[in-house]
Each structure stands twice: as C-alpha cells, then as structure tokens.
Amino acid sequence: MKIVKVFEFEIGTELTENIQALLIKSFPGVYPENRIYFKQVPQFRFLAFNDESELVGQVGLDYRVMNLNGKAIRVLGVIDLCVSQNERSQGLGSRLLVEIDTLTIGKNIDFHLLFADNMALYLKNGYKRVENRVKWLKINDESQTTNGIGHEAISELMIKEVNEMRWTEGELDLLGYLY
C-alpha cells in the first residue's frame, strides 16, 4: 500500500477518472458524476494505491481560517474520505487519518474539522463530535452557484484538537463553503 500527497492542480485525466469512480461508488446517488469535488475543489489530497497501483482510497484537504466565537482559528478540513469496497475494514481509513496527523505535526493548524454521517472511524482516531451553531456559504452543488448564507446547528460536525488551542461550543463561522 502506498499513500501519496497530490495537489489538486496536478491531477491529470486518468487519475481524475479513477478518483471520480471511487467517489461515485463510495457515495452512491449523492456524488456528482461529472467532477471529483462536491461543492469546491480541495487544495490537495492523500491518495492510497494498492500493490497493483490501483486507487483504493482518498481524502481531500482544505486549509483555511474560520471564526470560532469571535476568534480566528486555523483549520485543516477533512473532505470525502473514502475507501474502495474491497479494501474496507482493513485499516486504510485510519491510515489516511494518520497521514493527516503526521502532516499536521509542527504546522500552524489548530484543528482538523469534518462532517460525518458515520462517526465510528473518526471517533476511533481521536476526533470528537461537537455542538456549535455553524454559519457557511451555501453553494448549489448542481448549478455551482451561490445560494446565500446558511446558519444552523449541524449534528455531523466533528473536530480534532491538534495544537494547544481548545475547542469551545458556540458560534462557528466557516468563512466559506460547507465541506
């Protein structure tokens, strides 16, 4: 198994097709069939390849500043982590999360942040569910247009503290789109 970091602007046609196929199979009926991002491109990804050089896992990452209760925080967003059906339950999802942890060491990042329907993998890897009222830029994923500003509590919100800063409940402004 090999995991590599790839910047989004470096991804060519063949790799795009492989990522797209993995995302569509991993998120059936949900993921757009004409691109490899849902609402916005991540800045980079970790891609996992098996010994036959087939793409078997991926996770997008987005680094940005957010506002937590009036204070700027530096966040690495974890986006669309998925593993091919044949490779599930073998620790690859955790390995991708460890790659993210390793990347974070000594960097100017306060938190990892994600939204998850199924939280088991993330809870096992040190993430915790938090309750905050969230504000974000609403993007229509089909038309790729801005629909306004969303503002509500989101029960799928999870974070991991990776620096000295501690998470607090209250208001979280994503200062951008919802992953």
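Predicted model: local features only at pLDDT ≥ 70, side-chain atom pairs only at ≥ 80, totals over all residues.

**Exercise 1.** Find Arg64 and work out whether Arg64 is buried or exposed, then list its polar contacts.

*Solution.* Start with the location: Arg64 belongs to strand S3, which spans residues 55-68. Next, take its relative accessibility of 13%; buried means under 20%, so Arg64 counts as buried. Now follow the side chain. It makes a polar contact with the side chain of Asp62 at 3.3 Å, and one of its polar atoms lies 3.1 Å from the backbone oxygen of Leu174. Beyond its neighbours within four places in sequence, Arg64 also touches several residues, including Ile73, Val75 and Tyr179.

**Exercise 2.** Classify the ring pair Tyr31 and Phe38, then the pair Phe44 and Phe46.

*Solution.* A pair of aromatic rings is described by the distance of the centres and the angle of the planes. Finally, look around: Phe44 and Phe46 share an aromatic cluster with Phe7 and Phe9, and the charged end of Lys5 sits over the ring of Phe44, 5.4 Å from its centre.

**Exercise 3.** Which residues does Glu99 touch, leaving out those up to four places away in sequence?

*Solution.* Go to helix H2, residues 92-104, where Glu99 is found. Glu99 is partly exposed, at 28% relative accessibility. Its contacts are Ile3 and Phe46; of these, Phe46 is buried at 5%.

Notes: Residues numbered from 1 in each chain as written. Heavy atoms only, no water. Helix = DSSP H or I, 4+ residues; strand = E, 2+ residues; numbered from the N terminus. Buried < 20%, exposed > 50% of the residue type's maximum accessible area, 1.4 Å probe, protein only. Contact = heavy atoms within 4.5 Å. Polar contact = N/O pair within 3.5 Å; in protein donor to acceptor, adjacent residues only side chain to side chain. Phe/Tyr/Trp six-rings, centres within 6.5 Å; stacked < 30°, edge-to-face > 60°. Lys NZ or Arg CZ within 6 Å of the ring centre and 35° of its normal.
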